Amino acid sequence: MRSGTVLVGLAALALVTGACSSGTASTAPSAATSAAASAAAPSTAPSTAASAGGSAVASASAATGGEVGPGEGELNLVAWTQYVVGGSGGEPVPEGGYDWVTPFEEATGCKTTVKVGGSSSEMVQLMKTGQYDGLSASGDATLRLIAGGDVAPVDTTKIPNYANVFEGLKNQPHNTVDGVTYGVPHGRGANLLMFNTTVVPETTDSWNVVFDGASAYKGKVTAYDYEIYIADAAVYLMSTKPELKITNPYALDETQFAAAVDLLKAQRQNVTTYWGTAQQEIDGFTNGDMVVGTTWQYQAGVLQMAKQPVKAIKPKEGATGWSDTWMISSQAKHPNCMYKWMDWIISPTANAQATVWFGEAPVSPQACAEAEKLSAGHCDLFHATDETYFKDVYYWNTPTAECLDGRGAICKDFSEWTKAWTEIKG
């Protein structure tokens, strides 16, 4: 997901009432972890997936259409932390957490090992080694992997649970090229605006408070520390500077890109700290060093549970967001196990456990039904079934010279974004 930041104890967030809707590891504060520990115990029975309306992985070979052969006995993955938890080689199950790898191994015989990625760029490089069968890729990496030939197209007829995935998560431009699908979604979420309501008016509904109006909170503004944040500025400009004719925040020509960069350079003088981990922002809002900035629902939930006066919203201009993709390596040594994993991770029980624990929206109605058993209100909190909510959420994508909006090779590619981000931060 989001540059490798640990977000643990997220089962607690659905208990929050009144919530609106490349970093290093951080651990959630004890309040979140304790609440998560009181959540329902994880299921270890693979049959639950089938009973909830989706096929268990073990039955993939019997699916109508595609057919997956026997597993090869081994599966090697690259993933964001907390995406592959439990089993013989996944990350340790945190206190109060869920183990969705052990039942997968029991159902398929695919002993699973994970290499936790620290950044999208690192994960792209790891996939070039040919040592891994697949990965969970964020949108800023997916098109790089596809263009580099590092991942292969996915035959969704071999993934029975894909039929149940919300339509709004299928055929997305960050993982589909010329109508060809290159993976399945893990979950999704929006990047929100969070503010201290004792300092920033509670009626605030615009990104203006971190851009054009940021001087009112000079030295207290925060922003996500990653070059993809340039897209957040582009989303704001789409609404406030229509003459720029931005239609896709990841497809910026020279003029559009310069406007976004200039906006962020002006913002820089008002920023106290660019946060790279969830805990950095939680600490900043707790001690008063930060009063307004971009966030994930996770930080807002933790702060609200700690009785901090914060509110998190999706502003009227829309927002960026994420939907990470499980992709299969073009050099996969265990392709059957990888196909079985892709079906498993979007099956109702496994996807519910993974997304409730991490803090994002499940991928299907069936997974939402299971998520509600673990944490009542989870799918409402993360707008899982509300496609209207996501209509103006622009999932992270990989900027390329060939404009993603079809205008030709006149856009700034990811390397230009990286260079500009270094200049913005100074």
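The model is predicted: local features need pLDDT of at least 70, side-chain atom pairs count only at pLDDT 80 or more, and totals for chains, interfaces and linings use all residues. Residues are numbered from 1 along each chain as its sequence is written, and side-chain values use heavy atoms, with hydrogens and water left out. Helices (H or I, at least four residues) and strands (E, at least two) are DSSP runs, numbered from the N terminus.

Start with helix α10, residues 335–345. Nine of its eleven residues are buried, so α10 is largely enclosed by the rest of the structure. Buried means under 20% relative accessible area, exposed over 50%, and partly exposed in between, with a 1.4 Å probe and protein chains only. The buried residues are Cys337, Met338, Tyr339, Lys340, Trp341, Met342, Asp343, Trp344 and Ile345. They pack against β1 (74–79), α3, β3 (134–137), β7 (184–185), β15 (325–329) and α11. Contact here means heavy atoms within 4.5 Å.

Two of these partners deserve a look. Helix α3 spans residues 102–108 and contains Pro103. Pro103 has 3% relative accessibility, so it counts as buried. Pro103 and Trp344 are 241 residues apart in sequence, yet their C-alpha atoms are 9.6 Å apart in space. Strand β1 is mostly covered, with five of its six residues buried. It pairs with β2 (residues 111–116) in the parallel sense, over six bridges. Two strands pair if DSSP finds at least two bridges between them. Leu77 has Val114 of β2 as its bridge partner.

Next comes α11, another partner of α10. Two packed helices are described by the angle between their axes and the distance between the axes. The axes of α11 (residues 348–358) and α12 (residues 365–374) come within 8 Å and cross at roughly 55 degrees. Axes are lines fitted to C-alpha atoms, for helices over the stretch in contact, and angles run from 0 to 180 degrees between N-to-C directions. α11 and α12 are therefore oblique to each other. Angles under 35 degrees count as roughly parallel, over 145 as roughly antiparallel, 65 to 115 as roughly perpendicular, and the rest as oblique. From α11, the contact uses Pro348, Thr349, Asn351, Ala352, Gln353 and Val356; from α12, Gln366, Ala367, Glu370, Ala371 and Leu374. Those residues divide into six nonpolar, four polar and one charged. Ala, Val, Leu, Ile, Met, Phe, Trp, Tyr, Cys and Pro count as nonpolar, Asp, Glu, Lys and Arg as charged, and the others, Gly among them, as polar.

Helix α6 (residues 230–240) is also mostly covered, with eight of its eleven residues buried. Those eight are Ile230, Ala231, Asp232, Ala233, Ala234, Val235, Tyr236 and Leu237. They pack against α7 (254–268), β12 (292–295), β14 (319–322), β16 (393–395) and α14 (414–425). α6 lies across β14 and β16, running at about 140 degrees to β14.

β14 and β16 belong to an open sheet of three strands, in the order β8-β14-β16 with mixed pairing. The edge strands are β8 (189–190) and β16, each pairing on one side only. β14 and β16 run parallel, joined by three bridges. Ala319 has Val393 of β16 as its bridge partner.

Finish at strand β9, residues 192–196, where Asn196 lies. Asn196 is buried, with a relative accessible area of 11%. Leaving aside residues up to four places away in sequence, Asn196 touches Phe285, Val291, Pro309 and Val310.
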